[in-house]
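Hi everyone, thanks for coming. Please have a look at the sequence and the structure while I talk you through some of the contacts and pairings.

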Amino acid sequence: MKKFLLLILGLTLSLTSCQKDEDNPFLITANQVGPVNRDIKINQLDSLFSEDSLVKQKSGADEFRATSEIKVFEKGGKPLMILEPLQEFDSTSTVGYIRVLDPRYETKTGLSTASTFKEIMEDYNISRIENTLNAAVVFLDEINAYITIDKKELPSDLRYDTDSKIRASQIPDEAKIKYFMIYWD
């Protein structure tokens with residue numbers, strides 16, 4: 001009888017202590033970032049973030065680049081994410097890109113804006129690495145994400161070279177994430 005009670009108690013504790021993925025308001029998957037999923041329309045964001053603040057911008061810092069990005073802030077002013085529609089300036093469009101700003105948003109394996117390149121390597125298959133002027137862009141197709149690593153984090157021979165192919169082995173384990181982007185098309 002004691003064994004049966006202990007088994008029931010153990011099962012009950014294990015079921016109640018495990019947080020379901022759907023219950024995690026900061027979970028990142030291939031199809032969602034927190035409350036935002038790939039089917040949500042731009043005109044639904046006000047109701048989705050009713051407890052937070054949305055700031056809609058019609059143009060970026062660069063006056064020649066027009067965008068319709070939406071910044072999401074907690075009521076206290078902490079930035080959470082930046083959203084861009086798949087179709088610019090269309091309120092019925094779905095979200096196309098999400099720049100994750102808050103480190104509480106993380107994948108099931110714990111990847112967040114506070115992670116290092118070592119954590120990416122331990123938990124994900126890198127699809128490809130692009131060499132840009134200021135960053136190495138690391139693509140993680142299994143979660144529809146790309147991570148940028150500032151070239152300041154790379155060895156000096158790669159910092160000013162945009163022609164060379166950057167390999168994962170050339171990126172230091174302690175390299176920090178500059179941008180964590182989720183994309184849906």
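Let me start with a question: is Glu130 buried, partly exposed or exposed? Glu130 has a relative accessible area of 35%, so it counts as partly exposed. Keep in mind that what we have here is a predicted model.

Glu130 has a charged partner. Its side chain meets the side chain of Arg128 in a salt bridge, with N to O at 3.1 Å. Arg128 is partly exposed too, because its relative accessibility is 38%. In general, side chains of opposite charge can pair when their charged atoms come close.

How many salt bridges are there? The count comes to five. Another of them joins the side chains of Asp46 and Lys56, at 3.6 Å from N to O. Here the pair links distant parts of the chain: Asp46 sits in helix H2 (residues 45-48) and Lys56 in strand S4 (residues 53-56), ten residues apart. Asp46 has a relative accessibility of 45%, so we call it partly exposed.

Then we have Glu74 and Arg104, whose side chains meet in a salt bridge at 2.6 Å, N to O. Salt bridges that share partners join Glu74, Asp102 and Arg104 into one network.

Now let's turn to the inside. As a general point, nonpolar side chains in soluble globular proteins tend to be buried together. In this model the largest nonpolar core has 37 residues, and among those with the most contacts inside it are Val33, Met81, Ile98 and Ile182. Several elements each supply at least two residues of this core, including strand S6 (79-85), strand S7 (95-100), helix H3 (117-123) and strand S12 (179-183). The core draws at least three residues from each of domain 1 (28-59 + 67-103) and domain 2 (106-180).

Take Val33 as an example. Beyond the residues up to four places away in sequence, Val33 touches Leu27, Ile28, Met81, Ile98, Val100, Tyr105, Ile182 and Trp184.

Next, the strands. S6 and S7 pair in the antiparallel sense over five bridges, and in that pairing Met81 stands opposite Val100 in S7. S7 also pairs with S12, again antiparallel, over four bridges. There, Arg99 stands opposite Met181 in S12.

Elsewhere you can find an open sheet of four strands, in the order S3-S2-S1-S8, with mixed pairing. Which strands stand at the edges? They are S3 (36-37) and S8 (106-107), and each has a single partner strand, so one side of each is left without a neighbour in the sheet. Within this sheet, S1 (residues 27-29) and S2 (residues 32-33) pair in the antiparallel sense over two bridges, and Thr29 has Gln32 in S2 as its bridge partner.

One last stop: Ser93, in the loop between S6 and S7. Ser93 counts as buried, because its relative accessibility is 6%. What does its side chain reach? The side chain of Ser93 reaches the backbone nitrogen of Leu86 at 3.2 Å and the backbone nitrogen of Gln87 at 2.9 Å. Leaving aside neighbours within four places in sequence, the contacts of Ser93 include Ile40, Lys41, Ile42 and Pro85.

Terms used. Residues are numbered from 1 along each chain as its sequence is written. This is a predicted model: local features need pLDDT of at least 70, side-chain atom pairs count only at pLDDT 80 or more; totals for chains, interfaces and linings use all residues. Side-chain values use heavy atoms; hydrogens and water are left out. A nonpolar core is a set of buried Ala, Val, Leu, Ile, Met, Phe, Trp, Tyr and Cys residues joined through side-chain atoms within 4.5 Å. Buried means under 20% relative accessible area, exposed over 50%, partly exposed in between (1.4 Å probe, protein chains only). Domain bounds come from an automatic or database domain assignment. Contact means heavy atoms within 4.5 Å. A polar contact is a pair of N or O atoms within 3.5 Å; within protein, one must be able to donate a hydrogen and the other to accept it, and residues adjacent in sequence count only if both atoms are side-chain atoms. Two strands pair if DSSP finds at least two bridges between them. A salt bridge is a side-chain nitrogen of Lys or Arg within 4 Å of a carboxyl oxygen of Asp or Glu.
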